[in-house]
Amino acid sequence: MSTIIYEEEAVADLWSDSVGGIMGIRELMPKTLEGQITMEKTPSYFVTREAPARIAAMSRDTKLIVVVRDPVTRAISDYTQTLSKKPDIPSFESLTFKNRTTGLIDTSWSAIQIGIYAKHLDNWLQFFPMRQILFVSGERLISDPAGELGRVQDFLGLKRIITDKHFYFNQTKGFPCLKKAEGSSKPHCLGKTKGRTHPNIDPEVVQRLRDFYRPFNMKFYQMTGHDFGWD
């Protein structure tokens, strides 16, 4: 069994009329032979309201894999990424609240809204059963990459080929790296955009966000049958 991965960066472009909608995206995907699995990766799918219906219209048998992490850490990481490109943006604290005095969280800010996983999953479950969706822990991908990828291989019906022997921990990056990338004799680590140092955030703001996300996290744990340990 081999795997072909197709990566598309912009969900809007993927489904636009310019590529012919569903039939157009079928043409963009590589041909899949017997014994092969074709994968397409677009992070925007999970939080795009129209995506579940469109993907279901293409194939109801599609299996979906979503990497999730602590939504508070995810929001700070999101902000850090934006800050690296736009250093003059407002502070994380000011963007987090609609009203700092009352503590009202601004859920229209995408960095906050994306982490309300239960809300997004509700949308997907209208079109796909839970058995076709696998949620991968971003934290465990760092602490136990082989174990978490073992779950992915099982979910896809693949033999467990990727094991602990394929990884080493890079102290500089703070992430595990592949000892040898496919088709190369050199190790492969995440790019320079990953592992950036996060800015110091007011602890009271972090705690307020944890309080905000807690009920959504609890619902997400119930929906998935998995406690990700974010609280």
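Buried here means a relative accessible area under 20%. Keep in mind that this is a predicted model. By that cut-off, helix H9, which covers residues 145-155, has these buried residues: Pro145, Ala146, Glu148, Gly150, Val152, Gln153 and Phe155.

So what do the buried residues of H9 pack against? Their partners are strands S3, S6, S7 (167-170) and S8, plus helix H8 (138-143). After H9 comes glycine 157, with a positive phi near 75°.

Now for the nonpolar cores. The largest one has 20 residues, and the members touching the most others are Val68, Leu121, Trp124, Phe135 and Phe220. At least two residues of this core come from each of helix H3 (51-58), strand S3 (64-68), helix H7 (117-124), strand S6 (133-137) and helix H10 (203-224). H7 gives the largest share, with four residues.

Take a look at valine 68. Setting aside neighbours within four places in sequence, valine 68 is in contact with Tyr117, Phe135, Val136, Ser137, Gly138, Glu139, Phe220, Phe228 and Trp230. There's also a second, separate core, made up of 18 residues, with Ile105, Ile201, Val205 and Val206 among them.

## The disulfide

You'll find one disulfide in the structure. Its partners are cysteine 177 and cysteine 189, with an S to S distance of 2.0 Å. The link between cysteine 177 and cysteine 189 is right-handed, at 110° about the S-S bond.

What does the pair tie together? Cysteine 177 sits in strand S8 (residues 175-178), while cysteine 189 is in the loop between S8 and H10, so the bond connects parts 12 residues apart in sequence. As for accessibility, cysteine 177 counts as buried because its relative value is 1%, whereas cysteine 189 is partly exposed at 23%.

## Where H4 meets H10

Helix H4 (residues 71-85) and H10 have axes that come within 9 Å and cross at roughly 125°.

Which residues make the contact? From H4, Pro71, Val72, Thr73 and Ile76 meet Val206, Leu209, Arg210, Tyr213 and Asn217 of H10. Sorted by class, the contact of H4 with H10 has six nonpolar residues, two polar and one charged. Val206 turns up here on the H10 side, and Val206 is also one of the residues in the second core.

Key
Residues are numbered from 1 along each chain as its sequence is written. This is a predicted model: local features need pLDDT of at least 70, side-chain atom pairs count only at pLDDT 80 or more; totals for chains, interfaces and linings use all residues. Side-chain values use heavy atoms; hydrogens and water are left out. A nonpolar core is a set of buried Ala, Val, Leu, Ile, Met, Phe, Trp, Tyr and Cys residues joined through side-chain atoms within 4.5 Å. Buried means under 20% relative accessible area, exposed over 50%, partly exposed in between (1.4 Å probe, protein chains only). Contact means heavy atoms within 4.5 Å. A disulfide is a pair of cysteine sulfur atoms within 2.5 Å. Axes are lines fitted to C-alpha atoms, for helices over the stretch in contact, and angles run from 0 to 180 degrees between N-to-C directions. Ala, Val, Leu, Ile, Met, Phe, Trp, Tyr, Cys and Pro count as nonpolar, Asp, Glu, Lys and Arg as charged, and the others, Gly among them, as polar.
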